[in-house]
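Me: Got a model to go through with you. Can we take it piece by piece?

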Amino acid sequence: MTLPEWTKPGIYGALGGAIAVSILGFSWGGWTTSGSAQTMAQDLAAEEVTLAMVPVCLNMSAADPERIEKLAALQEVSGFGRRNALMETGWATRPGTDAPDRDLADACLAGLELDGS
C-alpha cells in the first residue's frame, strides 16, 4: 500500500500542533491537572475555614478573664514571636483540637488590631 506524499508532513504537523496546543493550554489557557485542582481546592478550603474561625478566636479573647495581661504580653512581642505568643494564649486553638493553628493565629492577630501587627 502506498500513502500519498503529504501523509508524513501531515502527521508531523498534527503532532506538533497537538503539543503546541497542550503547552499553550496548560501555561496560558488555564488548564489544570486533577492533582493541581485538588491542591488548589484544599488550599482554598483551609483559607476559608481559617477566616470563618477568626470570630471564634476573637470571642475567646474577649471572654478570657486574663485578657488584659495577655494583650499586654502580646504588645511587648513583635514579629513571629507575637504569633507564637498568641498561640500560647490558647485563643488560636480551634474547638475540638488540642494544638493551636498558625494560620488562625495570624488572622486573629489581624482581627485584634494590635499596634504594629
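Me: Where does Ile19 sit?
Reply: In helix 1, residues 7-27. Helices here are DSSP runs of H or I, at least four residues, numbered from the N terminus. This is a predicted model: local features need pLDDT of at least 70, side-chain atom pairs count only at pLDDT 80 or more, and totals for chains, interfaces and linings use all residues. Residues are numbered from 1 along each chain as its sequence is written, and side-chain values use heavy atoms, with hydrogens and water left out.

Me: Which residues form the nonpolar patch on the surface?
Reply: Leu15, Ile19 and Ile23, with about 310 Å² of accessible area together. Areas are Shrake-Rupley with a 1.4 Å probe, and for residues only the protein chains shown count as cover. Nonpolar side chains (Val, Leu, Ile, Met, Phe, Trp, Tyr) are joined within 5 Å, like charges within 9 Å.

Me: New topic. Is Thr93 buried or exposed?
Reply: Buried, at 16% relative accessible area. Buried means under 20%, exposed over 50%, partly exposed in between (1.4 Å probe, protein chains only).

Me: What does Thr93 touch?
Reply: Met60, Asp98, Ala99 and Pro100, not counting residues up to four places away in sequence. Contact means heavy atoms within 4.5 Å. Thr93 lies in the loop between helix 4 and helix 5.

Me: And which residues are buried in helix 4?
Reply: In helix 4 (80-89), Arg82, Arg83, Ala85, Leu86, Met87 and Thr89. Their cover includes helix 3 (67-76) and helix 5.

Me: What follows helix 4?
Reply: Gly90, with a positive phi near 95°.

Conventions: Helix = DSSP H or I, 4+ residues; strand = E, 2+ residues; numbered from the N terminus. Patch = residues over 30% accessible without salt bridge, like charges linked within 9 Å, V, L, I, M, F, W, Y side chains within 5 Å. Salt bridge = Lys/Arg side-chain N within 4 Å of Asp/Glu carboxyl O.
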